[in-house]
Amino acid sequence: MENELLQDFATESFRESLVNWFYENQRILPWRESKDAYRVWVSEIMLQQTRVETVIPYYEAFMRRFPTAEDLAAADEEDILKAWEGLGYYSRVRNLQSAVKEVVEQYGGRVPDTKEEISSLKGVGPYTAGAILSIAYGKPEPAVDGNVMRVLSRILLIEEDIAKPATRKRFEQVLYVLISKEDPSAFNQGLMELGALICTPRSPGCLLCPVRSHCRAYEAGVQEGLPIKSKKKKPLPKQMAALIVRNEEGEVLIEKRPAEGLLARLWQLPNIETAGVANQKEELAAWAQEQFQVEALSKPVQTVEHVFSHLIWQITVYEARVKGRPAGDSDSRRWVTKQEIEQFAFPVSHQKIIQHSI
């Protein structure tokens, strides 16, 4: 079936045009300064679900702090979470550290260069494995993500739902035939770069495209209708109430999220999910009195909305003052000064609260 897709397709000419264009037009990005597999790996994990412009300063700071696999493997989790703070999808960096520890212990700190070994590492899926193997080691392995599927669905006029795993598999099989065996690194990066700069989701810049003469969707005039992707469910809104608890010393109470689940082990301000907004203050007051001996809450001081892929937190923020240090200091709760709070890693929504109200 893949051979049918590539029938009458000028494969060699396509490869040459794409690779040449990449070398002439590639963006200068910090992770392209070295083909060290560890550095490629870190950049690919950061770039998942995150824009290039956002990643650049995080990547540079992360590599200054953890320049080698050994440095990351030995780091305290609190330190890596703080370095990742604001990037989101925190399971990425936890899985990365777990996998890097295995690389240090099992492979002497050298990222493995076979598909079987690298794919066995935690958090390394087919895309990440393909990106590392092709970019760092020059192996002709495909790296298929949404960006690449969009480009190829247009070039080869593939009218299949890219949200389905079977479709992704098909793209991989096509790419094993299509990929440059001489320069798989430039080929894969060329596809990624083409999707980022020219073959964009909306209003693709077809007149600037180096492989326009190969593009079946452009020839048919249907490029803007591809790729086909089934819509996700709308995120579910949740009403939340957060509390800034201050003591007589001016310290603020923070707590650690559970070890599993959303934003695991990050720090936050005490908060609860409420049934709605009508009786929200009463719900929070009853909970806060039981937990921290809070006698009275302020009026709402701030509202924060944060959108995840599957839900929306709508957070109303209140303040309260207490005597002493109710709830005490423990592994999961701490009283901290305004200066000390900067040492802890918080979700973006709680960073906004801290910046505005603390």
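Is Glu77 buried, partly exposed or exposed? Select Glu77 in this predicted model: at 25% relative accessibility, Glu77 counts as partly exposed.

Arg265 and Glu77 form a salt bridge, and their closest N and O atoms are 2.8 Å apart. This pair links distant parts of the chain, 188 residues apart: Glu77 is in helix α6 (residues 77-84), while Arg265 is in the loop between β2 (252-256) and β3 (267-268). Arg265 is also partly exposed, with a relative accessible area of 23%.

Move on to Arg333 and Glu255. They form a salt bridge too, with 3.3 Å between the closest N and O atoms. Arg333 lies in strand β7 (residues 333-336) and Glu255 in strand β2, so the pair ties together parts that are 78 residues apart in sequence. Arg333 is buried, at 19% relative accessible area, and Glu255 is buried at 9%.

Now select Arg325 and Asp329, whose side chains meet in a salt bridge at 2.6 Å, N to O. Arg325 is partly exposed at 40%, and so is Asp329 at 46%. Then pick Arg27, Arg32 and Glu193, which salt bridges with shared partners join into one network. The model's salt bridges come to 18.

The last stop is helix α10 (residues 146-155). Nine of its 10 residues are buried, among them Val148, Leu152 and Ile155. At the start of α10, a side-chain oxygen of Asp145 comes within 3.2 Å of the backbone nitrogen of Asn147. After α10 comes Leu157, with a positive phi near 55°.

Key:
Residues are numbered from 1 along each chain as its sequence is written. This is a predicted model: local features need pLDDT of at least 70, side-chain atom pairs count only at pLDDT 80 or more; totals for chains, interfaces and linings use all residues. Side-chain values use heavy atoms; hydrogens and water are left out. Buried means under 20% relative accessible area, exposed over 50%, partly exposed in between (1.4 Å probe, protein chains only). Helices (H or I, at least four residues) and strands (E, at least two) are DSSP runs, numbered from the N terminus. A polar contact is a pair of N or O atoms within 3.5 Å; within protein, one must be able to donate a hydrogen and the other to accept it, and residues adjacent in sequence count only if both atoms are side-chain atoms. A salt bridge is a side-chain nitrogen of Lys or Arg within 4 Å of a carboxyl oxygen of Asp or Glu.
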